[in-house]
Amino acid sequence: MTSRLVVTPRAKPSMTVRAGVPFVALLVALGLGAVILGLTGAAPLTVYRTMFDASLNGARAIERTLTYATPLILTGLAAAVAFRMKAYNIGAEGQLFLGAIAASGLALQLPAGTPAVLMVGAMLLGGALAGALWAGFAAVPRAFLGTDEIITTLMLNFVALALMNYLIFGSFSFWRDPTRPVPQGNTIPDSAAMPVISGRLHVGFAIAVALAVLLWWVLRNTTFGFRVRTIGDSPRAARYAGIGVPFATLAVLAISGALAGVAGAIEVSGVTNRLDPKSLAIELGYTGIVIAAVARLNPLGVVPVAIFLAAIATAGGSMQSIGVRVEVVVMMQGLIFLSVTAGEFFVTNRIGLRPAGPPEPAVTAAAADALEGAS
Amino acid sequence: MAVRQGVDGVGGEADPVALAGGPPVSLRVDRISKSFYGVAAVDDVSVELHGGEIHGLLGENGAGKSTLCSMLVGLYRPDSGRIVLDGDEVHLRSPDDAAALGIGMVYQHFRLVESFTVAENIMLGRGTAGGRRARRAVEEQVDALASEYGLAVHPGAPVWQLSVGERQRVEILKQLSRGARVLILDEPTAVLAPHEADRLFDAVRLMVDKGHAVVLVSHKMQEILGHTDRVTVLRAGRHAGTGATASLTPAALNTMMFGNDLAGTDTTEGHTAQVPGEPVLTVSGLTVTGDHGRPAVDDVSLTVRRREIVGIAGVAGNGQRELHETIAGLRSPATGTVTTAALAYVPEDRLGTGLAPGLPIEHNLALRSFRREPHARRGVLRHRAMRETATALVDAFDVRGARDGMPVSFMSGGNLQKAILARELSEAHDVLVAAAPTRGLDIAAAEAVRRHLRSERDEGRGVLLFSEDLGEVLELSDRILVMFQGRLVGEFDRGSVDLDQVGLLMTGAAE
Amino acid sequence: MRFTSPTRLAAVLAGAALLAVACGSDDVADVADTAAPESAVDETASAATAEATAASGDFSDLKVVMILDGSAEDGGWNTAHKKGGDMIADSFPGATVEFVEEIAPGQTATNAFEDAVTSGADMVIGTTFYQDDMLGVAAENPEVIFLTWAGFTTAENVGHFDGATEDGRYLDGMIAGMLTESNIIGYAAGFPYNEVNRAANAFTLGAKSVNPDVEVQLVYVNTWFDPAVEQQAAEALVNAGADVLAHEVGAQVYATVAAQAGGYVIGYTNDWSQIEPEAWASSFLFNWGPYYVSQVQAMVDGTWEPALTFGGLKDGFIDFAPYGPAVTPEMLEMVETKREEIRAGTFDMFAGPISDNTGAVVIPEGDTVPFESRTECCQWLVDGIIGEIPG
């Protein structure tokens with residue numbers, strides 16, 4: 001008697017399933033992780049306690065996690081909106097750098113006495129514009145010549161990184177503080193610093209969440225969103241419906257670039273307070289792609305996924321201080337992230353055991369086995 | 001792969017000659033069911049097939065024919081029920097499993113690699129290693145099979161050079177060379193010219209005479225009545241009846257297919273003469289480069305006026321697609337012009353051009369109106385208005401199977417076509433360009449489409465109809481243009497059609 | 001300074017794995033052993049003091065956390081700090097020393113400093129430019145002592161340290177000057193800032209001191225780590241006639257390219273003597289252990305004071321990898337003599353007159369760059385360098 005696994009999509013997962021599965025997945029991951037930790041000689045409970053304290057327990061921990069999540073939400077949105085239209089912008093990394101360069105440039109250029117609202121507003125706008133323009137270098141050839149944007153956006157990342165490094169390390173540019181022996185960016189004036197919500201958590205987080213909601217709303221409720229969804233599903237159907245595909249491609253890649261650019265501006269304004277290549281070039285853009293994919297390109301989904309990833313990242317650092325090796329930390333982070341995201345599969349699909357067929361004479365089972373063995 | 005073994009001990013790569021020795025194949029489907037998203041596509045159906053018979057499978061679109069066949073070739077697994085081959089239950093997990101047991105299918109859309117030769121395509125299907133000797137052996141086998149069954153095709157010819165009919169023969173040979181004893185042909189004549197269809201049925205008859213069982217999936221009642229030994233009819237996923245063809249009348253089949261509601265519908269509604277009005281579509285000197293870089297449309301000029309249906313007859317692949325896509329603005333002409341009044345378009349390619357497959361019905365029905373009131377105001381969509389429009393159109397055009405938020409790709413072909421018509425005809429337009437509008441549709445759905453085309457004309461619009469179904473073109477058109485190799489090679493008025501001449505022009509034989 | 005990116009990381013990890021295999025696992029102990037007698041005994045960092053304390057007491061309450069921007073096994077910068085950390089553990093029995101790896105500057109670093117404090121650290125050491133990420137945490141935690149590399153803003157509980165690479169670079173330059181036959185030395189650097197330029201100048205001064213005809217071909221590759229770009233740079237230098245390659249950026253390609261060309265390679269805080277043994281010539285190494293031990297000792301004694309510590313040869317901050325087979329005893333003797341002069345303070349490599357490579361006198365006769373002001377130097381390239389500071 002054989003039985004087999006049957007996978008059927010769930011039409012509408014219940015709330016119990018929605019909430020329960022990730023929780024169970026997390027428990028499974030922690031259980032497996034305990035074994036790994038035990039094998040490496042660490043005390044699992046102490047480690048978990050430390051992770052929890054570092055990322056979620058208390059105001060300071062939550063501030064840390066949300067601050068870390070802020071740029072990830074934005075780069076996640078950047079990827080989500082572009083991928084939604086099958087425009088594969090993997091250049092959020094570089095667009096973020098350009099946003100940071102523009103924002104820090106503006107902050108240093110504008111009079112230090114400029115009111116904070118104007119100053120920060122100008123930085124955000126400038127960052128968005130710079131990110132959009134940088135994406136435009138890939139978007140124009142893609143829209144009008146069909147050039148593969150994966151290659152161009154990727155190449156532009158390297159160019160952007162080289163440019164940012166040059167401005168700080170390779171020259172005495174306007175951005176660099178000439179008085180420091182070790183190359184550093186000029187510190188932006190106080191008026192350019194993002195207002196604080198609590199502790200280290202700055203208003204940039206609220207901006208990121210607001211942009212997620214806005215993007216979700218635009219995609220769902222505007223004719224522009226209608227265009228994007230149609231092109232994403234079928235460019236031919238869109239073309240027949242009179243939707244200008246090149247224009248929409250430009251617009252979407254510009255929005256994507258702008259979101260990444262805003263991420264750069266917010267990092268400068270809220271965290272680094274100067275153009276700091278080392279703390280910006282930590283693959284926030286590439287991580288955004290992972291976040292968008294896990295969130296199924298849904299802007300509202302990007303927010304919790306980014307926060308989750310940020311919590312894992314924040315927790316990871318704390319484990320090393322109590323003696324867990326970095327390799328084990330990375331393994332634990334991967335295990336938790338993979339388990340919970342893989343759990344998504346069980347949320348959207350129902351898995352059951354079903355007998356291969358009604359009870360049959362031995363010959364049938366043998367035949368089935370023969371087939372199984374052969375295939 | 002190498003050890004795959006049929007249940008009856010016949011090797012997977014069986015020499016078809018072995019058939020002659022054993023008893024005729026028998027395949028029994030026993031109370032089989034399959035549902036998708038909770039909707040039963042096949043519901044408790046039982047059918048028996050025997051070597052030596054051509055078994056017709058008849059049913060409306062969405063009646064479950066494709067789902068049933070897909071289970072027979074291992075594409076889908078039944079939710080319940082059994083498939084019994086030569087007395088033993090079999091579990092088909094993939095088309096490879098089915099092929100190993102001698103069940104093969106020829107699809108409407110061929111699965112051939114264009115740049116490979118006939119022999120290479122056949123080897124590909126078997127997964128055998130390449131090499132010159134292997135290819136030689138396959139070429140010899142193909143030659144032998146081809147002459148045995150009267151399926152002439154040159155094994156060394158690259159597939160892109162072959163006609164549609166020849167490609168279909170390659171698909172059949174591919175299945176035969178893999179040892180298929182049960183062969184399922186899905187709408188095999190949909191793409192063939194009449195004389196090619198006759199040749200196909202000659203070959204099919206030879207196969208059953210040698211002990212194969214052939215399933216003929218079709219919508220064309222004449223075809224079923226003329227070429228099958230027995231018929232099974234499905235209706236709404238259920239088994240509506242099986243019988244010997246000789247004992248069945250068209251009226252009986254109609255009743256089985258549609259129940260009692262539609263039996264006796266007059267399919268040849270009157271064609272009242274109209275005086276055509278001013279031109280609404282003018283094509284002049286149009287040349288379009290095809291996907292292969294050669295001119296697919298070659299210096300075509302035509303005019304469609306109000307109150308007339310202009311039909312373009314021709315075997316598929318003679319530039320019709322490029323012509324209507326250019327008229328619809330999906331392609332750019334190399335030279336020449338298209339002048340059109342407000343245009344409605346029913347593309348050949350329903351999913352992908354006509355409809356965005358992954359999006360729900362209300363989105364698809366608003367594809368042309370989403371920018372305007374009532375569907376949008378100042379760039380903001382009004383979902384409720386869109387849903388209301390969708391509900392109204394679904395009712396008016398009898399679109400079935402649509403569910404809230406469900407991607408339209410889950411709907412059947414006929415309903416997809418109705419959805420496209422619903423959208424296109426509800427838009428203001430002066431001319432309708434319809435490409436293969438009834439292809440693959442069941443009789444009732446096809447007739448509904450034809451009615452729409454006629455009323456378009458009667459309401460004072462122009463219609464340009466592209467169809468591979470010559471009967472349909474003759475039935476509907478006021479003027480008939482024949483297209484061959486990108487050019488218009490003949491024009492006939494409704495009253496003065498010379499059928500033989502049209503057939504010859506379509507196949508290029510007139511030159 | 002070292003920065004983190006996964007590609008670089010992967011390569012570094014691969015390289016580190018090779019190193020570990022090649023060197024065996026007991027090299028840490030070796031270095032600790034050799035470091036003690038070799039480092040100069042001076043007023044602040046005394047190995048003797050360290051050994052004395054090692055014998056006394058239990059330090060199980062003591063915790064030091066070291067934060068690194070890359071892998072502790074990178075075979076260069078971070079490995080040197082790791083050895084320093086290990087020396088703390090050896091010198092204070094029972095003390096806990098944890099290493100927090102792969103921490104990029106910025107928010108991540110701030111979190112890491114906080115986490116270190118939360119874990120109960122008495123001292124947190126940051127091994128790259130973490131000053132701006134750390135000052136806030138330090139202000140919130142006055143009971144913990146913070147040290148970072150190359151910072152310049154001290155506080156009640158914050159001190160900084162840096163090493164005088166030029167002391168090592170000068171001696172490596174001598175080796176290069178003696179080894180070259182073409183009189184062309186290739187030198188690949190990352191970005192043109194003070195520390196980098198100063199090291200190149202010292203290297204060239206050392207080379208010219210033993211071989212006045214030598215030219216140093218300097219290229220800036222404008223990357224921290226990019227094996228493809230560095231490979232091109234290394235090959236271009238060889239094609240330009242260089243038979244000795246020196247470098248200041250991360251990839252191992254210089255060793256392989258030099259070996260293929262039959263030339264020599266001078267390392268930069270790394271020991272490649274096992275990787276390309278034939279081509280290997282020399283490299284200075286950082287030796288942070290004595291300084292770290294002295295800082296912990298001061299903390300334990302309650303005598304710790306915030307300071308900016310800039311240490312060279314005489315402070316025991318600079319050490320050397322084993323020399324390659326081409327370095328003859330005669331060469332070693334010359335280098336050894338110079339090393340003692342630098343240690344003793346009787347030789348000043350920056351004593352004027354010194355001209356830059358445009359012919360302008362940058363340090364007049366009788367003038368110099370004082371040791372404590374060296375980090376303010378140099379935005380010029382010394383005579384003998386073929387190349388210019390871009391931008």
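How many helices and strands does the secondary structure of chain C come to? The count is twelve helices and 16 strands. This is a predicted model. The points below take up chain C, then chain A, then chain B.

**Chain C: overall fold**

- Chain C has 391 residues, and 59% of them count as buried.
- Among contacts in chain C with a separation of 6 or more, 69% join residues 24 or more positions apart.

**Chain C against chain A**

- Chain C puts 31 residues in contact with 30 residues of chain A.
- Two elements of chain C give two or more residues to its side of this contact: β2 (96-100) and α5 (107-118).
- The largest share of that side comes from α5(C), with six residues.
- The chain C side divides into 16 nonpolar, ten polar and five charged residues.

**Chain A: two domains**

- In chain A, the domain assignment gives domain 1 (1-42 + 324-375) and domain 2 (69-318).
- The contact between them takes six residues from domain 1 of chain A and five residues from domain 2 of chain A.
- The domain 1 side of chain A has four nonpolar residues, two polar residues and no charged residues.

**Chain B: confidence**

- Chain B has a mean pLDDT of 83, and 88% of its residues reach 70 or more.
- Where is confidence lowest and where is it highest in chain B? The lowest mean, 44, falls in helix α1 (residues 18-21) of chain B, and the highest, 95, in strand β18 (residues 431-435) of chain B.
- Residues 1-21 of chain B stay under 50 in pLDDT. The model still has 35 contacts for this stretch beyond four places in sequence.
- Residues 261-269 of chain B are also below 50. That stretch has eight contacts in the model beyond near neighbours in sequence.

**Chain B: strand β13**

- Is β13(B) largely enclosed or open? Six of its six residues are buried, so β13(B) is largely enclosed by the rest of the structure.
- In a regular strand, side chains alternate between the two faces of the sheet.
- Both faces of β13(B) are covered. B:E308, B:V310 and B:I312 are buried on one side, and B:I309, B:G311 and B:A313 on the other.
- β13(B) pairs with β19(B) in the parallel sense, over six bridges. In this pairing B:I309 stands opposite B:V463 of β19(B).
- β13(B) also pairs in the parallel sense with strand β20 (residues 479-484) of chain B, over four bridges. Here B:A313 stands opposite B:V482 in β20(B).

**Chain B: helix α14**

- Helix α14 (residues 443-458) of chain B has 16 residues. At 1.5 Å a residue it should span 22 Å, and its end C-alpha atoms are 22 Å apart, which agrees.
- The buried residues of α14(B) are B:I443, B:A445, B:A446, B:V449, B:R450, B:H452, B:L453, B:E456 and B:R457.
- An α-helix has 3.6 residues a turn, so residues three or four places apart point the same way.
- The elements that cover the buried residues of α14(B) include β13 (308-313), α13 (413-426), β18, β19 (462-467) and α15 (470-476) of chain B.
- B:G460 follows α14(B), and its phi is positive, near 95°.

**Chain B: Arg384**

- B:R384 sits in helix α12 (residues 383-396) of chain B.
- Is B:R384 buried or exposed? B:R384 is exposed, because 10 other C-beta atoms lie within 10 Å, and 12 or fewer counts as exposed.
- B:R384 and B:P374 are ten residues apart along the chain, and their C-alpha atoms are separated by 9.4 Å.

Definitions and conventions:
Residues numbered from 1 in each chain as written. Chains lettered and ligands numbered in written order. Predicted model: local features only at pLDDT ≥ 70, side-chain atom pairs only at ≥ 80, totals over all residues. Domains from an automatic or database assignment. Contact = placed C-beta atoms within 7 Å. Nonpolar A, V, L, I, M, F, W, Y, C, P; charged D, E, K, R; others polar. pLDDT = per-residue confidence, 0-100. Expected span 1.5 Å × (residues − 1). Buried ≥ 20, exposed ≤ 12 C-beta atoms within 10 Å, placed from the backbone. Pairing = 2+ DSSP bridges.
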